Amino acid sequence: MRPFLYEALPMRVRFAEHAVESLPEELAAVGGTKAVVVTTPEQVALGERVNAILGAAGGGVYPRAVMHVPADAARAARAHIADVGADAVVCVGGGSTTGLGKAIALESDLPIIAVPTTYAGSEMTPIWGLTENSVKRTGRDPRVLPRAVVYDPTLTVGLPVAVSVTSGINAVAHAVEGLYAPDTSPMLSLMAAEGVATMLRSLPSVASDPTDLDGRSEALYAAWLCGAVLGATTMGLHHKLCHILGGTFDLPHAETHAVVLPYVMAFNLPAAPDAQAALVRATGSPSPARLVRETALQLGVPDSLAAIGMPEHGIGEVVRQAADAPYSNPRPVSKRDLTILLEAAYAGAALPDIATEETP
Ligand code: NAD
């Protein structure tokens, strides 16, 4: 047993089919009396439903969440909430919506209740992000952590299969990097391994019948576990690369994670034997990197960075940015390693072309 330091984040989590109906109780539990419902323009109907569930405590729907949380959007949302006189915010949607809620909390101290409808996991983390003048700043602040999280698998049945799969593998990425994080610990490792195995098991069910609530419940449960690991540990090479790829080429967030993850696993796991062993035990696969890659491809994830719009000439720029940025990783990463890894992910090369778990 290795020594560890574990600091628990405060978590109030309600998980059930139709848990969304309990929002009035959750609002009271966080001390709110009137909540604005934040969502995206695409999910306004769900926002209206949630506002109706809140009854007299519903402060109306604010359907202006967009990707990357523009700082202007956060300022406008705070002004709207002040005009309405609300004392709480309910965020219903994916990571972009939760992100706007966090940006509101960052400068207002209003309690946030998150109702996640994807598997991104942002609701479990104190990590915020804000984009201004094309630059995305991120940070950690306990004030942005939602005070309550309501997981309701019935709200996820409409998530398109392609988005469900990439979002699910995005969640797997959090848990994999949590397993070899410098601040990992035994309880987080259990959550991470269970999260990876459950997500990889449930995604084929979700893809074959997106309305099946058993599969949806499993996937959302896994997303909770993976998100909790993300919130409590320091991410490594994979998250660094995806952050750079998304920011530099405006690549889609979850697809980028889904393409890059198996390549980083194949590179990192030989240097992280405890993480590798935990993943082998939990998934039953001798090669978790290949399992992730095969699951992704079988479920229709694009096979390469080229397929999701990365320009080939961009590899050098990503290498430069990644080499300049400090991040923790179980294996030292040279510019040459980065180039080989990115060229493989760009082309969708077979995993043994860059590394195998058997040959550190
Ligand atoms: P998203 O929130 O951008 O949602 C994508 C689209 O799917 C939106 O149009 C949304 O309205 C729609 N959608 C969401 N749920 C749906 C449902 N159930 N049915 C139908 N449509 C639905 O995507 P995401 O992948 O959830 O979040 C990505 C963002 O979250 C990124 O910007 C990422 O940086 C951020 N993120 C942050 C953290 C953190 O800890 N701060 C963690 C993970 C992700």
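User: Which residues on the domain 1 side lose the most area to domain 2, and what makes that area "buried"?

Analyst: Domain 1 and domain 2 bury about 1,800 Å² between them, with 65% of it on carbon and sulfur atoms. On the domain 1 side, F15, Y119 and M124 lose the most, together 36% of what that side buries. The area counts as buried because it is accessible area (1.4 Å probe) that the two parts lose on being put together, summed over both. Keep in mind that this is a predicted model: local features need pLDDT of at least 70, side-chain atom pairs count only at pLDDT 80 or more, and totals for chains, interfaces and linings use all residues. Residues are numbered from 1 along each chain as its sequence is written, and side-chain values use heavy atoms, leaving out hydrogens and water.

User: How do you know where the domains are, and how many residues does each put into the contact?

Analyst: The bounds come from an automatic or database domain assignment, giving domain 1 (12-156) and domain 2 (161-354). Their centres, taken over C-alpha atoms, are 26 Å apart. Contact means heavy atoms within 4.5 Å, and 20 residues from domain 1 and 23 residues from domain 2 take part.

User: What kinds of polar pairing link the two domains?

Analyst: Salt bridges number zero there, but six residue pairs are in polar contact, both partners at pLDDT 80 or more. On the domain 1 side, β1 (13-15) and β7 (135-140) are the elements giving two or more residues, and β7 gives the most, with three.

User: What makes E26 and R12 a salt bridge?

Analyst: The term needs a side-chain nitrogen of Lys or Arg within 4 Å of a carboxyl oxygen of Asp or Glu. E26 and R12 meet at 2.7 Å, N to O, so they pass. The pair links distant parts of the chain, 14 residues apart: E26 is in helix α1 (residues 23-29), and R12 is in the segment before β1. By this rule the count comes to 13 salt bridges.

Terms used: A polar contact is a pair of N or O atoms within 3.5 Å; within protein, one must be able to donate a hydrogen and the other to accept it, and residues adjacent in sequence count only if both atoms are side-chain atoms. Helices (H or I, at least four residues) and strands (E, at least two) are DSSP runs, numbered from the N terminus.
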